[in-house]
Every structure is written in structure tokens, then in C-alpha cells.
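Look at the structure first, then read on.

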Amino acid sequence: MAKLYRFNTCFIGLYGVAFDQSGAIQSGLIGTRICFQLYWSNMKLMNNLVFNKANHPLFVLNNQAYTNAAQNGQIYDVTTGELDVVANGFLSIQLTIPANQQKTIYILRLLGGSTVNTALDLFRDATFTGGTSITPVNNNWAFSGGSVCTAKYLNQLTDPITGGTLLLAMVQAGGGILIPFDGRIVIPSSSTDRTFYLRLKNKTNQVNTCAISFAYWEL
């Protein structure tokens, strides 16, 4: 015969909470805390009730997946470093996912910066010809393997872009940019090469010191 059990607990707080048989709260809590009521039987486990007594909605932040990925040697960074971009010039960076690699790339974050006005654009499957190679750097210094992806950058007066679909565009007055994509840009391997392309345009009539960096998860 199945038996039903119940466990009441509070993760954060100075004292517990009491429930009656219907699950109603019989005593309140002071401050911000998260409590839950867990039911289980000898047949299955059930999370019956989750609630939050704080003034704001319940949020959960779990970076454990990224930590595990870094420990497994799956997270890489790519950067142009600081470069002087000529007046009205372009700094572009391209990550290429070669065909038939059986890997999926998740873009985690984008960092960009300049001393004065720039425009930053992000493209899907755009390309440029030539450029300087960049070796993606693994976030686990003990990991000896390399990424299946290749990267390069190009710093020149004219716009080098060919093709592609614009995904994001923004104007930067100067200083740094941080965009935490957290894996929301997903680039699966396919039968043809795929690219992740970033373009930074110097929107001034003077030399502008710029940099582009991004991190990705290779799984």
C-alpha cells in the first residue's frame, strides 16, 4: 500500500513555518526567505508547493552548469585585444564553426569597448576575407585540448562584411559594453560552415581605441 509523507522546510529565515493538514500557513515569516512543502510516497516524489514571502518575485540563479562546463574544458574566450581603429574604420571579428563537427556553440557573453563613439553590430553567418587569426583560449588552464572553432579579426577603413543576417545593433557613446547572452545564441553544427560575426564601427573622425571579446560554450 502506498504511504504519503510530508516535509516542511524554510531555506532562509530565523524560524520555521507551520502548516495545517490542508497546507495553509499557520505562522508568518520575517524578512526574505524561500520555503517549500515537499510530499513524497513510497511510490513517487512530488514537489507540491513552492512559495515566496518576499516583496519581489522568486528568482533562482544557478551558475553551476557554467562551472561544470569550464571544469570540463568546454568554455572558450576570443578577443581582438586593444586596437587603434582609423577614423570611420571597422573592427570585425569572426568565429567559424566548421561543417560536420557534431558540436553546438552557445554564446555566453559579449564584451566590447572604445574610447569614443562606436556602433556595434552582430551578424549570423556573415564573413570577411583575410584577417589575423585568433586562437580561442580555454577557460580551464589545465585543459590541453583545443576548440573545433577558428577565429580571426580584421581592422581596416572599409566595411569588410559579406552576406549574413543582422541580429543585433547598438550605438555606444564610449566605454564598455557587456551583453550576457547566457547561451541564448545557439549555433549547431551543420553540413556547411557557420559563423558568428561582430562588427565595431568607429563613428568619429579620429583614431579610436577599440576591443571586442566574447565567450562561448562548446558542447
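The sections below cover the model, its salt bridges and its cysteines.

## The model

This is a predicted model, where local features need pLDDT of at least 70, side-chain atom pairs count only at pLDDT 80 or more, and totals for chains, interfaces and linings use all residues. Residues are numbered from 1 along each chain as its sequence is written, and side-chain values use heavy atoms, with hydrogens and water left out.

## Salt bridges across the chain

Side chains of opposite charge can pair when their charged atoms come close. A salt bridge here is a side-chain nitrogen of Lys or Arg within 4 Å of a carboxyl oxygen of Asp or Glu. The structure has 4 salt bridges.

One of them joins Arg 109 and Asp 77, at 3.3 Å from N to O. Arg 109 sits in strand β7 (residues 104-114) and Asp 77 in strand β4 (residues 75-79), so the pair ties together parts 32 residues apart in sequence. Strands are DSSP runs (E, at least two residues), numbered from the N terminus.

## A buried pair

Arg 199 and Asp 121 also form a salt bridge, at 2.7 Å from N to O. Arg 199 belongs to strand β15 (residues 194-202) and Asp 121 to strand β8 (residues 118-124), 78 residues apart.

Arg 199 counts as buried at 12% relative accessibility, and so does Asp 121 at 11%. Buried means under 20% relative accessible area, exposed over 50%, and partly exposed in between (1.4 Å probe, protein chains only).

## Cysteines

How many disulfides are there? The count is 0, with a disulfide being a pair of cysteine sulfur atoms within 2.5 Å. Cys 149 is buried at 4% relative accessibility, and Cys 210 is buried at 2%.

How values were computed:
Helices (H or I, at least four residues) and strands (E, at least two) are DSSP runs, numbered from the N terminus.
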